[in-house]
Amino acid sequence: GTKKKAVCPGLGLFYTILSAFLFSVASLCLKKIEDVHSVEVSAFRCVFQMAFVLPGLIYYKTGFLGPKGKRIFLFFRGFLGSTAMVLLYYAYQVMPLADATVITFTSPVFTSLLAWIFLKEKYSLWDLLFTLFAITGVVLIARPPFLFGSRVTGIEGSYTNHLKGTIAAITSTLSAASTIVILRKVGKSVHYFLSIWYYAVIGLIGCVIALFVLNEWRLPHCGRDRVFLILIGLLGLGGQVFLTKALQIEKAGPVSIMKTMDVVFAFILQVLFLNHLPTWWTVGGALCVVASSSGTAIRKWRHSVKKAKQREI
């Protein structure tokens with residue numbers, strides 16, 4: 001018989017680190033854009049996603065609508081996923097890069113909570129502890145005046161924008177967690193490309209409508225901003241591809257833990273290119289959130305390994 005091609009040890013983790021780096025550089029490009037609304041950036045990102053996915057849909061003959069019983073789930077996956085993207089881009093624009101990145105890492109914790117509510121998955125005291133850790137991390141980053149006093153330091157611009165960015169990042173995280181729960185509900189009955197297709201199409205339609213309502217649709221005047229827009233699309237697409245390849249050859253647990261490199265890259269890029277030193281409050285919040293998300297990933301990984309061994313027995 002034919003032998004299986006051996007996978008290079010650690011290749012999946014390398015893909016994860018590369019994906020984290022590409023996503024972080026894309027976020028940096030977003031911070032460098034000066035005159036483009038976050039909704040318009042999201043619209044460009046959706047166009048790149050559609051251009052990438054369309055050949056795959058034709059090649060795999062999946063159709064454009066999906067199975068009848070799954071279309072409502074795909075619609076909500078697309079709506080919530082695109083909403084998460086728009087809100088995250090807004091958060092990147094109005095608050096420090098590292099702060100917004102750290103808040104997004106509460107997603108695994110909220111995913112466990114939503115899966116317990118809607119999918120009846122197990123939710124233990126450890127999961128509750130990790131949730132409290134994540135909330136503590138977000139509070140340290142947001143630094144509400146009623147807890148930290150009226151003189152809040154280490155933020156970009158006004159505290160009002162910082163608070164708006166924090167709310168947008170948290171809502172984005174909840175939307176992203178909801179999409180993961182929906183994808184779990186759908187399972188493997190729908191092709192991965194079709195899921196991305198709904199995400200891109202619904203996101204583009206929503207972004208175009210929002211831009212006309214807000215009267216914000218305009219091409220950037222500066223050539224540099226146009227280059228940044230193209231880079232955001234390409235880097236975001238590359239990050240998605242490498243993350244998908246990592247999950248194909250490596251267990252989800254190690255990938256989730258290694259993905260915390262996003263936070264490390266965000267801190268490094270913020271200091272090197274944005275000349276913004278993080279405060280100790282941000283560092284403390286980052287440690288709480290990373291510990292929470294890593295703990296959740298490790299527990300899920302151990303649980304899946306245990307179930308696999310039970311099946312073998």
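Q: Which residues have the most contacts inside the largest nonpolar core, and how many residues does that core have?
A: In soluble globular proteins, nonpolar side chains tend to be buried together. In this predicted model, the largest nonpolar core has 37 residues. Ile33, Val41, Tyr89, Tyr92, Val102 and Ile232 have the most contacts inside it. Helix α1 (residues 11-32) supplies the largest share of this core, six residues.

Q: Which residues is Tyr89 in contact with, leaving aside its neighbours within four places in sequence?
A: Tyr89 is in contact with Leu30, Ser38, Val41, Ser42, Arg45 and Ile232. A second, separate core has 13 residues, including Leu74, Leu80, Ile196 and Trp197.

Q: What is the angle at which helix α3 and helix α9 pack?
A: Two packed helices are described by the angle between their axes and the distance between the axes. For α3 (residues 71-94) and α9 (residues 192-214), the angle is about 60° and the axes are 8 Å apart. The two helices are therefore oblique to each other, and the crossing of α3 and α9 is right-handed.

Q: Which residues make the contact between α3 and α9?
A: On the α3 side they are Arg71, Leu74, Phe75, Arg77, Gly78, Phe79, Gly81, Ser82, Met85 and Val86. On the α9 side they are Leu194, Ser195, Tyr198, Tyr199, Ile202, Gly203 and Cys207. By class, the contact of α3 with α9 has ten nonpolar, five polar and two charged residues.

Q: How is the packing of helix α5 and helix α8 described, by angle and by distance between axes?
A: Helix α5 (residues 107-118) packs on helix α8 (residues 159-186) at about 50°, and their axes are 8 Å apart. α5 and α8 are therefore oblique to each other, with α5 passing α8 in a right-handed crossing. From α5, the contact uses Ser107, Phe110, Thr111, Leu114, Ala115 and Phe118. From α8, residues in the contact include Thr173, Leu174, Ala176, Ala177 and Arg184. The classes in the contact of α5 with α8 are nine nonpolar, four polar and one charged.

Q: At what angle do the axes of α6 and α8 cross?
A: The axes of helix α6 (residues 125-142) and α8 cross at roughly 155° and come within 10 Å. An angle over 145 degrees counts as roughly antiparallel, so α6 and α8 are roughly antiparallel to each other. α6 passes α8 in a right-handed crossing. Val138, Ile141 and Ala142 of α6 meet Tyr159, His162, Thr166 and Ile170 of α8. This contact of α6 with α8 has five nonpolar, two polar and no charged residues.

Q: Where does Val271 lie?
A: Val271 lies in helix α12 (residues 261-274). Its relative accessible area is 34%, which means that Val271 is partly exposed. Leaving aside neighbours within four places in sequence, Val271 is in contact with His276, Leu277 and Pro278. The C-alpha atoms of Val271 and Leu97 are separated by 9.8 Å, with the two residues 174 residues apart along the chain.

Q: Is Asn275 buried or exposed?
A: Asn275 counts as exposed, because its relative accessibility is 70%.

Terms used: Residues numbered from 1 in each chain as written. Predicted model: local features only at pLDDT ≥ 70, side-chain atom pairs only at ≥ 80, totals over all residues. Heavy atoms only, no water. Core = buried A, V, L, I, M, F, W, Y, C linked by side-chain atoms within 4.5 Å. Buried < 20%, exposed > 50% of the residue type's maximum accessible area, 1.4 Å probe, protein only. Helix = DSSP H or I, 4+ residues; strand = E, 2+ residues; numbered from the N terminus. Contact = heavy atoms within 4.5 Å. Axes fitted to C-alpha atoms, helices over the stretch in contact; angles between N-to-C directions. Parallel < 35°, antiparallel > 145°, perpendicular 65-115°, else oblique. Left-handed = near helix turned anticlockwise from the far one by under 90°. Nonpolar A, V, L, I, M, F, W, Y, C, P; charged D, E, K, R; others polar.
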